[in-house]
Amino acid sequence: MRYALLVLGGPYSHQAAHSALRFAHAAIARGHRVDTVFFYHDGVYNASHFAAPPQDEPHLVDAWCDLQRTHGTTLQVCVAAALRRGLLDAREAERHGKSGVSLEPPFELTGLGQLLDIGQTHERLITFAP
Amino acid sequence: MSEITEAPHGDLLVMLRHAPHGGLWLREALDLALVGAAFGQSVSLLLMGDGVWALLREQGPGPLGQKGSQSTFEMLEMYDIERLYVDADSLETRGLTPDDLLLPVIEVSAPELSTVLAGHRQIFNF
């Protein structure tokens, strides 16, 4: 089965992101594919390059990047939701005159149309919300 | 006579379950609905729980510095989003009737909810 996940919850504040990651690993372990994760609403904070949790806690941002590296899962972030929450890639940072870059590859900024597209191109789209 | 039939109702159903103003749930859910409509999909909204407050008449942007949702709801028709389903129990529990709402809605009873959900190809729950 080709899965896509929609994550609407921020890391640490809610269980949603953690559950989504666990689901992704469980699905892959059973031979399924998790081709795309889309981050929307407060879920965009999962892409925050500056997240620095205590060392004895799971590092969710790194865990998403690992998922991409190991299994090729695409990590897409809604650009409108990200910009209003301070998550900018190099291009957007320059466009808005900001000196830092808070969102880096493998996370990619994309539009909401992509979310609708994902719903049609994957066999299942599962939402993880707080 | 109920307006809810077994026939397909549309491509995309966006469920609104949060009250306006307290967060971005409503705004970002409506954004998705508008994008769907702009992409030529047939879009319906379903307001449930505290989501029914979103359609209450005479809501201004107010003192919270948010844009408010009334202007977006008034745009729905322009985007051909004309099916607004409202969970009848949620309305009644909050002492509201369809007359209190900004736009005409289709009331849905609890047994009819599953028919509405099954009638859409894709569902997003906010």
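In what order do the five strands of the open sheet of chain B stand? The order is 4-3-2-1-5, and the pairing is parallel. The model is a predicted one, in which local features need pLDDT of at least 70 and side-chain atom pairs count only at pLDDT 80 or more, while totals for chains, interfaces and linings use all residues. Residues are numbered from 1 along each chain as its sequence is written, and chains are lettered from A and ligands numbered from 1 in the order in which they are written.

**View 1. The open sheet of chain B.** Five strands in the order 4-3-2-1-5 make up this sheet of chain B. Strands (E, at least two residues) and helices (H or I, at least four) are DSSP runs numbered from the N terminus, and two strands pair if DSSP finds at least two bridges between them. Strand 4 (106-108) and strand 5 of chain B are at the edges with a single partner strand each, so one side of each has no neighbour in the sheet. On average, neighbouring strands are turned by 25° against each other, direction ignored. Axes are lines fitted to C-alpha atoms, for helices over the stretch in contact, and angles run from 0 to 180 degrees between N-to-C directions. Helix 4 (residues 110-118) of chain B lies across strand 1, strand 2, strand 3 (83-87), strand 4 and strand 5 of chain B, at about 115° to strand 4 of chain B.

**View 2. Strands 1 and 2 of chain B.** Strand 1 (residues 10-16) and strand 2 of chain B are paired in the parallel sense over five bridges. Met15(B) stands opposite Leu46(B) of strand 2 of chain B. In strand 2 (residues 43-47) of chain B, five of five residues are buried; a residue is buried if 20 or more other C-beta atoms, placed from the backbone, lie within 10 Å of its own, exposed if 12 or fewer, and partly exposed in between. Val43(B), Leu45(B) and Leu47(B) point one way from this strand, Ser44(B) and Leu46(B) the other way.

**View 3. Surroundings of His120(B).** His120(B) is located in strand 5 of chain B. Strand 5 of chain B pairs with strand 1 of chain B in the parallel sense over five bridges, and His120(B) is the bridge partner of Gly10(B). His120(B) counts as buried because it has 21 C-beta neighbours inside 10 Å. Leaving out residues up to four places away in sequence, His120(B) touches His9(B), Gly10(B), Asp11(B), Leu12(B), Leu13(B) and Ser44(B); contact requires C-beta atoms, placed from the backbone, within 7 Å. Met78(B) is 42 residues from His120(B) in sequence and 21 Å away in space, C-alpha to C-alpha.

**View 4. The open sheet of chain A.** Five strands of chain A form an open sheet with parallel pairing in the order 4-3-2-1-5. At its edges are strand 4 (107-110) and strand 5 (124-128) of chain A, each with a single partner strand, so one side of each is left without a neighbour in the sheet. The twist averages 25° from one strand to the next. Helix 1 (residues 16-29) of chain A packs on the sheet and touches strand 1 (2-7), strand 2 (33-39) and strand 5 of chain A; its direction makes about 170° with that of strand 1 of chain A. Strand 3 (residues 74-78) of chain A pairs with strand 4 of chain A in the parallel sense over four bridges, and Leu75(A) has Phe107(A) as its bridge partner in strand 4 of chain A.

**View 5. Contact between the chains.** Ten residues of chain B contact eleven residues of chain A. On the side of chain B that touches chain A, helix 1 and strand 5 (120-125) of chain B each give two or more residues, and the largest share, five residues, comes from helix 1 of chain B. Helix 5 (residues 112-121) of chain A packs on helix 1 of chain B at an angle of about 75°, with the axes 9 Å apart. The contacting residues are Leu112(A), Gly113(A), Leu115(A) and Leu116(A) of helix 5 of chain A and Asp31(B), Leu32(B), Val35(B) and Gly36(B) of helix 1 of chain B.

**View 6. The loop residue Asp56(A).** Asp56(A) lies in the loop between strand 2 and helix 2 (60-71) of chain A. Asp56(A) is exposed, with 5 other C-beta atoms within 10 Å.

Technical notes
Two residues are in contact if their C-beta atoms, placed from the backbone, lie within 7 Å.
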